[in-house]
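Visitor: I would like a close look at one part of this model. Show me which pieces pack together there, and give me the residues.

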2 protein chains.
Amino acid sequence: MITGPGLLFVVSGPSGAGKDTLVDALRERSPRLHYSVSATTRDPRAGEREGEHYFFLTREDFERRRNAGGFLEWREYNGNLYGTPRDYVIGTLHQGYDLIMKPEVNGALAVKAAFADAVLIFLVPDRLSHLRDRLLARRTETNEEIARRLEIAHEEMKFIPNFDYLVINEQGQSEQAVRDLQAILQAERFRIHRYSDPWLKNVELT
Amino acid sequence: MITGPGLLFVVSGPSGAGKDTLVDALRERSPRLHYSVSATTRDPRAGEREGEHYFFLTREDFERRRNAGGFLEWREYNGNLYGTPRDYVIGTLHQGYDLIMKPEVNGALAVKAAFADAVLIFLVPDRLSHLRDRLLARRTETNEEIARRLEIAHEEMKFIPNFDYLVINEQGQSEQAVRDLQAILQAERFRIHRYSDPWLKNVELT
């Protein structure tokens, strides 16, 4: 067993690519993999627990931390602030847990800029037309919203070269996509730069 | 399914690290993975078939090809020349097969220099003392040869940073090491630079 700090995996891609389902399946199979907890300024909903679902902060507190560089990425959504607390991520990785998060593409790029060791995985469907089908099927968006999401998807795909991996979630083959993601999570541990500090701390050289 | 050219995997590391056993186990599990066939100037032994065990060449032929850059790596051993034919490797990869080879560390570095797309995996035992045990157990070397091999192992390990991955073959845990190698073979297919020509040839962008 290699021990040492865990790894930060960032799964992103266009809305409707299947991130939620795949990441849930991955977490079920990987006891060492935790879902990264975000901070937010919105009020807790019934049943939401501090530190488990979110870290709940006042807006003042959030902005103070944000201005001090306390978030790997942050965004405003529906009038509330959301962010990934740097100390929490670093602390959890140093306990030996892997973390996974699924921000939007902008957020993924911000995480990589703030934490170069993060492993960025872009998830796409095998045909962009499937995005439309999935967005229609979940019936949570209007036709205009769906058209807008597809436009955004086209824009987002321009950033694929900034990611480390591209995984294609083929229609009806999500089990294969989960296995592909599992292989990436396992293989990343053996990449040579992971051993650099010191590069062979777990091998006895005598 | 992503199709396209196969990948070249190069497993190296000190003698006694367990390369042969692990690579054999990998090949049994991976129908798409072929063992790279070397060229040699030595005579065929009983049962050895041209193009399956080796490509048998005259010394003149070998040297002519070598001087024309026809080998990804080559070496002389016991008065015979051995080498990895470039055309054979490229041709097999373009047929969609993955190739695996297990040259010495020098050879692995030569392959990377000649073919930057090769994936280099360094295999070590969890303790170098286990190398001695394994070399003793196989009873093919004298004590002096074993001492010399351990010296070479120390030298070889200095080149670990030139490899892409480091896999530790823990004593009694070779099944884990095979799975680690399998994960690397699978994950490498999704690395972003594999898609660069063009970067998304199997995804329909409409």
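Guide: Two residues are in contact if their C-beta atoms, placed from the backbone, lie within 7 Å. Helices (H or I, at least four residues) and strands (E, at least two) are DSSP runs, numbered from the N terminus. This is a predicted model, in which local features need pLDDT of at least 70 and side-chain atom pairs count only at pLDDT 80 or more, while totals for chains, interfaces and linings use all residues. Residues are numbered from 1 along each chain as its sequence is written, and chains are lettered from A and ligands numbered from 1 in the order in which they are written.

Start with a pair of helices in chain B. On the α5(B) side, the contact uses Leu128(B), Leu131(B), Arg132(B), Leu135(B) and Leu136(B). They meet Ile146(B), Arg149(B), Leu150(B) and Ala153(B) of α6(B). Sorted by type, this contact has seven nonpolar residues, no polar ones and two charged. (Ala, Val, Leu, Ile, Met, Phe, Trp, Tyr, Cys and Pro count as nonpolar, Asp, Glu, Lys and Arg as charged, the others, Gly among them, as polar.) Helix α5(B) covers residues 128-138, and α6(B) covers 143-156. Their axes come within 10 Å and cross at roughly 145°. (Axes are lines fitted to C-alpha atoms, for helices over the stretch in contact; angles run from 0 to 180 degrees between N-to-C directions.)

Now the helix pair that joins the chains. Helix α7(A) (residues 174-188) packs with α7(B) (residues 174-188) at about 115°. Their axes are 8 Å apart. Chain A brings Asp180(A), Ala183(A), Ile184(A), Gln186(A) and Ala187(A) to this contact. Chain B brings Asp180(B), Ala183(B), Ile184(B), Gln186(B) and Ala187(B). The tally is six nonpolar, two polar and two charged.

Follow α7(A) back into its own chain. It lies across β1, β7, β8 and β9 of chain A, and runs at about 160° to β9(A). These strands belong to an open sheet of five, ordered β2-β7-β1-β8-β9, with parallel pairing. (Two strands pair if DSSP finds at least two bridges between them.) The edges are β2 (33-35) and β9 (165-169), each of which pairs on one side only. Neighbouring strands in the sheet are turned by 25° against each other on average, ignoring direction.

The antiparallel pairs come next. In chain A, β3(A) (residues 38-40) meets β6(A) over two bridges, in the antiparallel sense. Ala39(A) is bridged to Gly83(A). On β5(A) and β6(A), the antiparallel pairing runs over five bridges. Arg75(A) stands opposite Tyr82(A). These two strands form a hairpin with two residues between them, and Asn78(A) in the turn has a positive phi of about 50°.

Chain B has its own set. β3(B) (residues 38-40) and β6(B) pair antiparallel over two bridges, with Ala39(B) opposite Gly83(B). β5(B) (residues 71-77) and β6(B) pair antiparallel over five bridges, with Glu76(B) opposite Leu81(B). In the hairpin of β5(B) and β6(B), two residues separate the strands, and Asn78(B) takes a positive phi near 50°. Five of the six residues of β6(B) (80-85) are buried, so this strand is largely enclosed by the rest of the structure. (Buried means 20 or more other C-beta atoms within 10 Å of a residue's own, exposed 12 or fewer, partly exposed in between; C-beta atoms are placed from the backbone.)

Back to chain A for a helix against strands. In α4(A) (residues 105-114), the buried residues are Val105(A), Gly107(A), Ala108(A), Ala110(A), Val111(A) and Lys112(A). They pack against β1 (8-12), β5 (71-77), β6 (80-85), β8 (119-125) and α6 (143-156) of chain A.

Last, the core. The largest nonpolar core has 94 residues. (Such a core is a set of buried Ala, Val, Leu, Ile, Met, Phe, Trp, Tyr and Cys residues joined through C-beta atoms within 7 Å.) Those with the most contacts inside it are Phe9, Val10 and Ile121 of chain A, and Phe9, Val10 and Ile121 of chain B. Not counting residues up to four places away in sequence, Ile121(A) touches Phe9(A), Val10(A), Phe163(A) and Leu181(A), among others. Phe9(B) sits in β1(B) (residues 8-12). Phe9(B) is buried, with 25 other C-beta atoms within 10 Å. Its contacts beyond four places in sequence include Ile100(B), Ile121(B) and Leu185(B). Phe9(B) and Leu120(B) are 111 residues apart in sequence, yet 6.2 Å apart in space, C-alpha to C-alpha.
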